[in-house]
Amino acid sequence: MRRPIERAAVLGAGTMGSRIAAHLANAGIPCFLLDIVPPELTPDEKRKGLTVENPAVRNRIVLSGLEAAKKARPAAFFTPETARLITPGNFDDNLAWCAQADWIIEAVAENLEIKRQLFERLEAVRKQGTIVTTNTSGLPIRKIAEGRSEDFQKHWAGTHFFNPPRYMKLAELIPGPKTLPEVMEALAEICDMRLGKGVVLAKDTPNFIANRIGTFSMLNAIRQMQALDMTIEEVDACTGPAIGWPRSATFRTADIVGLDVLVHVVRNLYDNIPDDESRELFRVPPLLEEMMQRKWLGEKTGSGFYKRVKGAGGESEILTLDWHTMEYRPQRKAKFASIEAGKAIENTGQRVKALFEPAIDGKGDKANQFMWATMGDTFLYAARRIPEIANSILDVDKAMRWGFGWELGPFEMWDAIGAGRVVQALERESKPMPPLVSKVMVSPQKTFYDMEKGHTRYFDFGANALMALTEPAGMIFLKSLKERSKVVQENSGASLIDLGDGVVCCEFHAKMNAIGGDIVAMLNAGVARLETAFEAMVIANQGPNFSAGANLALLLLTAQEGEWDDIHLAVKQFQRANMAIKYAPRPVVAAPHALALGGGCEIPLHSARIHAAAETYMGLVEAGVGLIPAGGGSKEMLIRANEQSASGGSLDLFHVLRHVFENVAMAKVSTSGEDARSLGFLRDSDLISMNRDRQIADAKETALALVRAGYHPPAPAEIRVLGEEFYSAARLVIHMLVRGEYATEYDGVVARKLAYILSGGGITAPQTVPEQYILDLEREAFVSLCGERKTQERIAHTLKTGKPLRN
């Protein structure tokens, strides 16, 4: 039974409530956001002569929460305009609005009685059949709804979103004792399809799945740090990208979350898991107690495990807590030979194996020993929690990947090291094996996962056997297709993969998916196959980023050696590949996600359609390294400017071009897929997928829809340029920016090159020019800038630091 969600209500406008409302708005769902009426006037309200009956006073708390969401960094909303979908109100005056909602989400204080009292009031206005959920992170779902009506409890569940809701993929769904199956199905569908979440079904146990295991892991890291006498920096070096965890690692994550939140979770767990064999580990460590007393709660108070201060020269400096002395000191870089060696291993599973094996064999440095001591216990703890907190190792692994940003869940990591080797090492330490592990070790494969004919199987605890992992409908995983021998053609940087139904995918898999000759060659090969073998092509990958742009290291080396003909040729080949995409006989759909910068933006600009991920950070950023877009990016933005001003003549084109010039000259990057549309990178006809796991399947369907509609490539474009009229105005703006020290002299040099291209070169009066004319201007400007010392300095600095240089 489908339950359309056309309007929602969020009760509670604190950090989580306001951000949940923001993400509902991102999904296009109008939302009421309600909170309490303030108990008294502020001094400022008293000075203004306001009373508690004034609407601004009565909605002060909800408006404050909404305003905080608007100002949040990273941004809670896809675009500032999205906030218009939220209607603020309060519980006393506007609770009846909930009768209009199809889904009501409670996110008030983590207090059982407060929640119960609110739901008693809500039941008087809620319409029959409306789904009601709580975002509690630890209170029992069954207890919150005690005393409510039968219909309420049938439509009642827990929906535990992680903070910040826009960016954290995990949504744990927890049914109550009477929740209808169709309600859980409806929640799973909206969280997946509309909100873009990875959905995991959790049991109604303390702190559910991810926080239960993640908190154990964090507390164990503190214990092992003190046992091995390690520093804060050393622990974070061991629990970050080295093992496939986020850069925030252990202690930076604690600072972001807030130590008060962490301690609340720890205390809730200790009080509610009397039968947990590891319960004593969930006592709040003395170190955290001391930090709580000193109000060192992390980012919210400015001091936590790390502290940001102003240095002697006014520069921001980060200090680190010395847990021995409880004083802050300058940061010390952690130095471990094992971690340095591991950086050369790109595959996470292989790197984890290399880092853990020495300690398993009783060898290795302190980093190896810490990783093994910490994760060995975490492996066992996760295994003991099945079937208590979840029925499946799949749910546990997905919860840790999506909720804590681990690249491998605990059972996937266990397999990567070697399931049997880990068990032998733990048994040597006299640690008893949980029933799940004992069953795995007597199975024929002796692993938690295995691959059979390109299909993944996982060990099912209830069935006591390996079961086939079925891919959800509407999702395509390129790795799985490759394991099933669906690769049509490949080289070191890209592959052509048969997606079925006459659609081929050009997948990039170079480092950072930097565009070089191998990717260009595969793009051309894909277009060529549209002539004979396929009906459409999708350009997509499932790496961390779509493409970070050109291979700057190779470009810098070629420029330093003065190989100008080679640069000319490389740019011309990239231009030709993009033009081949644009004028391919059959549709090409680009599916950018995450970073799509420089050349990684130019490829989608030439596609018949863009089907972007909601989290797409797209931009023509070449100016940041002293260059201009040369793969046709400037040309395509000129064409888009022509389209937007088609009926308004030169004056409208001038105004549209001004924004194009600002966006490219300032290397602006979109903050979302929708923001990419507002910057002109996406057209109105381009599409966005909320769930990245569905993006390639969605893009495939977009391509097939174009085929069914009788797709024909566009006619060659004739581009209207304004000549001296625009060039003179742009030069004046550049002059004022440089003079006002908003831009450097060299920024001005680069910007004038860009303005020259956008104005049509040396043309004096407005006229139309062919695409190749603009492409030639782009290429000449690009090569000339490559020869400039300051451009080479900018490229070198960016490669070294990852940050632009203003010289």
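Predicted model: local features only at pLDDT ≥ 70, side-chain atom pairs only at ≥ 80, totals over all residues.
Helix 14, covering residues 286–293, shows how burial can be arranged around a helix. Its buried residues are Leu-287, Leu-288 and Met-291. Viewed down the helix axis, these residues fall within an arc of 95 degrees, and therefore they line one face of helix 14. Pro-286 and Gln-293, on the other side of the helix, are exposed.

Attention now turns to the salt bridges, of which the whole structure contains 55. In one of them, the side chains of Glu-771 and Lys-635 meet at 3.0 Å, N to O. This pair links distant parts of the chain, since Glu-771 belongs to helix 33 (residues 771–786) and Lys-635 to helix 27 (residues 633–644), 136 residues apart. Glu-771 is buried, with a relative accessible area of 4%, and Lys-635 is likewise buried, at 0%.

Arg-708 and Glu-701 meet through their side chains at 2.4 Å, N to O; Arg-708 is exposed, with a relative accessible area of 59%, whereas Glu-701 is partly exposed at 39%. Arg-731 is bridged to Glu-724, with their closest N and O atoms 2.8 Å apart. Arg-731 is partly exposed, at 33% relative accessibility, and Glu-724 is also partly exposed, at 32%. Elsewhere, salt bridges with shared partners join Arg-212, Asp-276, Glu-277, Arg-384, Arg-385 and Glu-388 into one network.

Methods
Residues numbered from 1 in each chain as written. Heavy atoms only, no water. Buried < 20%, exposed > 50% of the residue type's maximum accessible area, 1.4 Å probe, protein only. Helix = DSSP H or I, 4+ residues; strand = E, 2+ residues; numbered from the N terminus. Arc of directions from axis to C-beta. Salt bridge = Lys/Arg side-chain N within 4 Å of Asp/Glu carboxyl O.
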